[in-house]
Amino acid sequence: MSALEGPLAWRLLTPEAVRERSTELYAAALDGRLPGWRVHPEALPACAELVAAEIRSRYPTLEVPFHARWRHFAVGGVDRWAALRALAEFPSPAAEARSAFDLAIISVLLDAGAGAAWRYTETGTGQVLARSEGLAVASLAMFAAGLFAEDGVSPRADAARLARITEAELALGFQVNEANPLIGLEGRAALLRRLGEVALAAPEVFARADSARPGGLFDLLAAGGEVPARAILIALLRHLGPIWPGREWLEGVPLGDCWRHPGIHRADETAGLIPFHKLSQWLAYSLVEPLAAAGHAVVGLDALTGLAEYRNGGLFLDAGVISPEDPEANMRDHQPGDLLIVGWRALTVALLDAIAPLVRERLGLRDFPLARVLEGGTWWAGRKLAAGKREDGGPPLKVISDGTLF
């Protein structure tokens with residue numbers, strides 16, 4: 001069933017809605033009609049040069065992998081997922097894919113902003129990691145140790161176990177203490193509990209070939225041959241939608257990472273609503289490789305959008321492509337639903353589409369999907385600019401996080 005055939009709310013649970021409505025606010029900004037923001041398109045070519053240079057620096061052969069959680073699991077030159085696969089000796093490609101789905105889903109849901117103070121010290125390598133990489137390695141270590149498994153030892157995530165996960169258990173796994181605080185810890189634990197509850201309540205989705213687990217989504221997506229990338233995202237949004245806390249609902253359907261902005265005009269109940277689905281799209285990108293490894297090609301990857309998060313958004317702000325009308329906006333804390341932040345995220349999505357062809361042109365490549373532009377350049381260029389402009393390397397605008405958004 002397509003978005004047009006189902007509930008009106010389903011129209012917002014698509015990558016097309018993210019792209020269309022973000023572009024709408026971008027067009028308003030170009031006309032000087034987006035409250036709080038100014039756009040400086042003349043700065044975009046120089047920003048594209050910066051991104052292309054970052055890609056060449058990180059990947060001299062221009063063989064850039066897709067933007068996905070798997071990159072973080074290999075930080076420091078250690079392929080931790082390969083090591084886990086070797087130890088686990090999965091009985092079939094499908095069994096391995098379910099475990100990979102379990103890990104990716106758990107890890108991405110835990111991948112909201114960690115804060116500048118938190119660090120994770122990896123046992124064995126001694127690597128001290130922060131932010132997304134630290135969260136990834138910590139979540140993989142918990143997964144490998146069986147924290148999310150009903151039997152307490154297997155590398156899998158069982159819905160019944162997730163439904164009982166506690167803040168204290170995550171705190172131990174993330175090495176959290178008074179001297180090493182992690183933002184939004186209870187929010188993360190609550191998100192995993194809701195994930196377990198949702199999976200238990202829908203065995204037809206999550207328990208097709210095994211007991212209920214997030215990885216059961218593999219069997220749903222792999223039921224045919226090729227898998228359209230947009231189908232991955234839509235499945236995630238429809239089946240995992242209820243896990244998101246305190247957000248917008250329409251016609252009884254949870255809309256997830258969807259916010260209100262008066263610049264979105266429609267003649268129906270979706271007026272004023274703009275979705276971003278940041279974590280869900282990050283997860284959709286991260287499920288491409290497990291599907292491919294199990295023999296299911298993913299097609300139409302560019303149907304997904306760029307990610308409306310603070311590294312990509314920070315790139316455009318720090319590079320002078322956009323600027324807040326209020327020069328002191330960086331001095332205040334902002335809520336995720338503030339018009340300034342919603343506008344910033346919309347501009348981020350639209351500008352990632354705008355910069356991608358400029359980056360391809362500078363690299364001399366036609367076939368270079370947005371997923372590679374994100375991984376090779378925009379995310380890392382955003383981080384590099386942040387490190388040069390702010391002592392803590394944090395985002396240019398401070399957004400109050402509950403551990404489930406950025």
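There are 0 disulfides in this structure, a disulfide being a pair of cysteine sulfur atoms within 2.5 Å. This is a predicted model, in which local features need pLDDT of at least 70 and side-chain atom pairs count only at pLDDT 80 or more, while totals for chains, interfaces and linings use all residues. Residues are numbered from 1 along each chain as its sequence is written, and side-chain values use heavy atoms, with hydrogens and water left out.

Cys258 has a relative accessible area of 1% and is buried; buried means under 20% relative accessible area, exposed over 50%, and partly exposed in between, with a 1.4 Å probe and protein chains only. Cys47 also counts as buried, at 2% relative accessibility.

Now the whole chain. The protein chain has 17 helices and 12 strands. Both are DSSP runs numbered from the N terminus, helices being H or I with at least four residues and strands E with at least two. For 406 residues, a compact globule would have a radius of gyration near 22 Å, and the 20 Å of the protein chain agrees with that. That radius is taken over C-alpha atoms, and the globule rule is 2.2 Å times the number of residues to the power 0.38. The C-alpha trace spans about 55 × 50 × 45 Å along its principal axes.

Of the 406 residues, 57% are buried. The chain exposes about 15700 Å², with carbon and sulfur atoms supplying 55% of it; areas come from the Shrake-Rupley method with a 1.4 Å probe, and for residues only the protein chains shown count as cover. Take the contacts between residues at least 6 apart in sequence: 74% of them join residues at least 24 apart. Contact here means heavy atoms within 4.5 Å.

Next, helix α2, residues 44–58. Its 15 residues reach 21 Å from first C-alpha to last, close to the 21 Å expected at 1.5 Å a residue; the expected span is 1.5 Å times one less than the number of residues. Where do the buried residues of α2 lie around its axis? They fall within an arc of 155°, so they line one face of the helix. The arc is that of the directions from the helix axis to the C-beta atoms. The buried residues of α2 are Leu44, Cys47, Ala48, Val51, Ala52, Glu54 and Ile55. Their cover includes α15 (310–318), α16 (339–363) and α17 (370–389). Exposed Ala46 and Ser57 sit on the face turned away from the buried side.

Last, helix α13, residues 278–286, is mostly covered, with 9 of its 9 residues buried. Among them are Lys278, Gln281, Trp282 and Tyr285.
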